[in-house]
Amino acid sequence: MQYREDIVAACKDAANAHPNDIEAAVKQAFDKIRKARNYAEFVDQLAYEAVRNCVYDCRHTANVQMRRQNGNYGGPAKVESSKSQSVQSVSAFLYAYFIAGRTLGTILGEELPAIADSEEKRAEGHRFNANLCRALAPLVSEGKTVQQCVNPRKLKRIWDSVT
């Protein structure tokens with residue numbers, strides 16, 4: 001979906017003003033956007049895109065179900081991507097993954113269960129974040145960060161098992 005420049009600018013300004021506080025950024029951007037010209041037209045565009053996405057989701061669900069029934073899903077992987085040098089180098093950046101408005105490597109152990117609960121309440125697209133926090137919670141001590149308690153190799157295995 002293409003947004004008008006003023007909408008994108010408001011979101012960029014808010015994201016830059018609140019890099020670790022998603023709710024504050026959303027509030028700032030939303031307050032500015034509500035005052036923008038043709039706000040009703042923007043809302044109508046969002047509603048139309050939401051319905052379009054719902055239609056795509058329904059089609060995708062039906063397609064996946066049909067493929068599973070025909071045996072096209074669930075077989076062994078054709079390529080073991082975890083052995084790729086480029087995939088292994090990506091693991092260094094996993095700690096920079098954004099979750100709940102923060103980078104994964106800076107989240108404290110005692111925050112992981114609460115973050116998992118919060119993420120689980122969100123749309124299905126956030127299920128990964130919740131599962132990742134649940135998998136990491138037993139491994140990260142109170143007062144410690146994910147990066148302090150989970151080595152890159154183990155983090156990569158957990159990451160892969162959650163997806």
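Modeller: N38 is found in the loop between α2 and α3 (39-69). Helices (H or I, at least four residues) and strands (E, at least two) are DSSP runs, numbered from the N terminus. This is a predicted model, in which local features need pLDDT of at least 70 and side-chain atom pairs count only at pLDDT 80 or more, while totals for chains, interfaces and linings use all residues. Residues are numbered from 1 along each chain as its sequence is written, and side-chain values use heavy atoms, with hydrogens and water left out.

Phi of N38 is near 55°, a positive value in a residue other than glycine. N38 is partly exposed, at 41% relative accessible area. The cut-offs are under 20% for buried, over 50% for exposed and partly exposed in between (1.4 Å probe, protein chains only). A100 also has a positive phi, about 55°, and is not a glycine. A100 lies in the loop between β1 (98-99) and β2 (102-103). A100 is partly exposed, with a relative accessible area of 42%.

Now the wider fold. The chain has eight helices and two strands. Along the sequence they run α-α-α-α-β-β-α-α-α-α. Of the 163 residues in the chain, 23% are buried. Contact means heavy atoms within 4.5 Å. Among contacts with a separation of 6 or more, 54% join residues 24 or more positions apart.

Take the α1 and α2 pair. The axes of α1 (residues 5-17) and α2 (residues 22-34) come within 8 Å and cross at roughly 150°. That makes α1 roughly antiparallel to α2. Axes are lines fitted to C-alpha atoms, for helices over the stretch in contact, and angles run from 0 to 180 degrees between N-to-C directions. Angles under 35 degrees count as roughly parallel, over 145 as roughly antiparallel, 65 to 115 as roughly perpendicular and the rest as oblique. The crossing of α1 and α2 is right-handed. A crossing is right-handed if the near helix is turned clockwise from the far one by less than a right angle, and left-handed if anticlockwise. From α1, I7, A10, C11, D13, A14, A15 and A17 meet A25, Q28, A29, K32 and I33 of α2. By class, the residues of this contact are nine nonpolar, one polar and two charged. Ala, Val, Leu, Ile, Met, Phe, Trp, Tyr, Cys and Pro count as nonpolar, Asp, Glu, Lys and Arg as charged, and the others, Gly among them, as polar.

Next, α5 and α6. The axes of α5 (residues 112-120) and α6 come within 8 Å and cross at roughly 160°. That makes α5 roughly antiparallel to α6. Their crossing is left-handed. On the α5 side are L112, I115, A116, D117, E119 and E120, and on the α6 side R127, N129, A130, C133, R134 and L136. The contact of α5 with α6 divides into six nonpolar, one polar and five charged residues.

N129 lies in α6 (residues 127-136). N129 counts as buried, at 6% relative accessibility. Its side chain and that of Y97 are joined by a polar contact of 2.5 Å. Such a contact is a pair of N or O atoms within 3.5 Å; within protein, one must be able to donate a hydrogen and the other to accept it, and residues adjacent in sequence count only if both atoms are side-chain atoms. Leaving out residues up to four places away in sequence, N129 touches Y97, I99 and E119.

Helix α6 has another partner. The axes of α6 and α8 (residues 152-162) come within 9 Å and cross at roughly 135°. The two helices are therefore oblique to each other. The crossing of α6 and α8 is right-handed. Here F128, N131, L132, A135 and L136 in α6 meet L155, I158, W159 and V162 in α8. The contact of α6 with α8 has eight nonpolar, one polar and no charged residues.

Last, L94. L94 is found in the loop between α4 (85-90) and β1, and counts as buried at 6% relative accessibility. Apart from residues up to four places away in sequence, L94 touches L104, L155, K156 and W159. L94 and L104 are 10 residues apart in sequence and 7.5 Å apart in space, C-alpha to C-alpha.
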